[in-house]
Number of protein chains: 2
Amino acid sequence: MLSEFDLIKQYFNRQHPGRAALGRAALGRAALGIGDDCALLAPSPGMQMAISSDMLVEDRHFFAGADARMLGHKCLAVNLSDLAAMGARPVAFTLALALPAADPDWLSGFSAGLFALADQHGCELIGGDTTKGPLNICITIFGELAPGHALRRDAAIAGDDLWISGTLGDARLALAGYRKQYRLDDAALLAAGTRMHTPAPRVALGLALAGKRLAHAAIDISDGLVGDLGHILAASGVGATLDVDALPAGPVLAAQPQALRRQFCAAGGDDYELCFTAPSSRRDAIVAAGHASGTAVTRVGTIDAAPGLRLVDAAGQALDLKLSGFDHFASA
Amino acid sequence: MLSEFDLIKQYFNRQHPGRAALGRAALGRAALGIGDDCALLAPSPGMQMAISSDMLVEDRHFFAGADARMLGHKCLAVNLSDLAAMGARPVAFTLALALPAADPDWLSGFSAGLFALADQHGCELIGGDTTKGPLNICITIFGELAPGHALRRDAAIAGDDLWISGTLGDARLALAGYRKQYRLDDAALLAAGTRMHTPAPRVALGLALAGKRLAHAAIDISDGLVGDLGHILAASGVGATLDVDALPAGPVLAAQPQALRRQFCAAGGDDYELCFTAPSSRRDAIVAAGHASGTAVTRVGTIDAAPGLRLVDAAGQALDLKLSGFDHFASA
């Protein structure tokens, strides 16, 4: 069996010759990376660091036996999504990993998926920890942004448009399919499952929204739109009207009945899209930013001065949906 | 049962009124703390950030049912120890926590132990994650230091003195006592156990060594002196001669037989002392820095140009001890 130190060197230290096959060398933005008590990092002059941590647990955030390469992608993707929601440029991350055993096949797949996405975003692994234990993956990610440019949850203003990137609900649909709560044919389950396993963090869109100061508030949708939008409303002291039928359903969900579309678009979870608010004067610029970043953007409602979230249908009539966000401490 | 969001607010968000009883308010060095997608942090102008992650797993790093308050202390202490070994000043940390259940008693004790130590070091909790899962505590810590001042593992030079802070081996002795591998009376086990459960990170000493440029290389001793010193020797391309009988045994271990003293001082684990190298011209200044930081410092050997680690006794005779560092993937 590999020792802890061999394991780190072989799969995660990209200065190590054995790593060369898995991609280009570390990007070298850290002054000191893996292999000391701490990594050393400095933001570019005048920039702030944006920092976020996400912990993924087997049977909670992913199925036991999940494909290691997709898992490597996903655990970094959910952290990149937090940077995207802040409008920060990815710089580096640490990885802490508890593993039941040092399985070379698993480590090879996991590190390949992780580094493929890291390289796409120029985000360098600078340190971390490995230990034996029930499978647990904890990434802390670092981005940078100019002071005052962050897309904060408390910045929504009454009269803002409400926007969603990409599409919603396919990941939640895949979960229902895997759990046999809803019947999908094999092709549909594969397509929806890909969305669940390999989300695409909206980093380029977040950078455009923050860098050009197009948006006010933003959050990434991880626990379901209604719950996550609720955090913006509470932090900003505003309400919203949400046109549930305007929500952009994922391609697999779009072919399902209306009731399911509404449910899984509004309160699906695992979407990793951005929900953001912006003044109506920015509509054209936001559509252009979406085009430039290869990400669809859809206007789905408005921010109101009156507190509370009002769900309406395409005709503007109130909808009484039973919805709830995802809570990791509620029963599964 | 508390929801995830209530739990975070009640025990970890110190801006929340419910937290007031547990200590003074957050120190406010972060531009944005808990409650958004990311925290925002900037080092002081011209300073680098030192970053380290440690993950603690039940039954691996601590016993199931461990006292929550001591656990809160320890999981931050081991991270502060990494900053100390770099010579960095603590600034902030994130906490990711997987819990089998949201138990208010446990959370209250854990957060009290965590924040008591955090306040001692002016280190602010700025974000993190909570989820349901097998108990797992992952902290990522942020310090700052001036460029070029870091105490790196690769900076030892032949001719350097080899130093140890504080005392060694009592934590390992406590483990042997708890496991019934070695008989200790109750008072001795309590004293040694305190050392195991509530280590004191040597932050002040690390700052003095780096700030005054007294030391060359440093590492914190978490997996046993011989193993951790080995990382310095490998990174620096040097060897060392270590006087095993000069190693400062903890007060409980000091009363035990010589063979046990040698074993647990040289390869105990869980010590969280600093092992550092420095030119002989700095001896008086290092002793003074130890006094000023309230930390004993003991000279225990020399760095050699010849590779390898030579263990000797008080008379300078070679010692053939069977020792090995702690490896989290070796069988327990």
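This is a predicted model: local features need pLDDT of at least 70, side-chain atom pairs count only at pLDDT 80 or more; totals for chains, interfaces and linings use all residues.
**The whole view**

Keep everything on screen for a moment. A search over all chains turns up 18 salt bridges in the whole structure. We'll visit a few of them, one stop at a time.

**Stop 1: A:Glu273 and A:Arg202**

Select A:Glu273 and A:Arg202 and show their side chains. You'll find them meeting in a salt bridge, with 2.7 Å from N to O. Now colour the pieces they come from. A:Glu273 belongs to strand β9 of chain A, residues 273–278, while A:Arg202 sits in the loop between α5 (186–197) and α6 (203–211), so this pair ties together parts that are 71 residues apart in sequence.

Is A:Glu273 buried or exposed? A:Glu273 is buried, because its relative accessibility is 0%. A:Arg202 counts as buried too, with a value of 16%, and the cut-off for that label is under 20%.

**Stop 2: A:Arg310 and A:Asp304**

Stay in chain A and pick A:Arg310 together with A:Asp304. These two form a salt bridge, and their closest N and O atoms are 2.8 Å apart. Check the surface again here: A:Arg310 is partly exposed at 30% relative accessibility, whereas A:Asp304 is buried at 17%.

**Stop 3: B:Arg283 and B:Asp161**

Hop over to chain B and select B:Arg283 and B:Asp161. What joins them? A salt bridge does, its closest N and O atoms lying 2.7 Å apart. B:Arg283 is part of helix α9 (residues 283–292) and B:Asp161 is part of strand β6 (residues 161–165), both in chain B, so the bridge ties together parts that are 122 residues apart in sequence.

With the surface on, the two partners get separate labels. B:Arg283 is partly exposed, at 31% relative accessibility, but B:Asp161 is buried, at 1%.

**Stop 4: across the two chains**

For this stop, show both chains at once. Select A:Asp36, A:Asp37 and B:Arg153: a network of salt bridges links these residues.

**Last stop: the pair of chains**

Zoom out and colour by chain. Finally, select the contact residues of each chain. Both copies use the same surface, as 100% of chain A's contact residues recur in chain B.

Definitions and conventions. Residues are numbered from 1 along each chain as its sequence is written. Chains are lettered from A and ligands numbered from 1 in the order in which they are written. Side-chain values use heavy atoms; hydrogens and water are left out. A salt bridge is a side-chain nitrogen of Lys or Arg within 4 Å of a carboxyl oxygen of Asp or Glu. Helices (H or I, at least four residues) and strands (E, at least two) are DSSP runs, numbered from the N terminus. Buried means under 20% relative accessible area, exposed over 50%, partly exposed in between (1.4 Å probe, protein chains only). Contact means heavy atoms within 4.5 Å.
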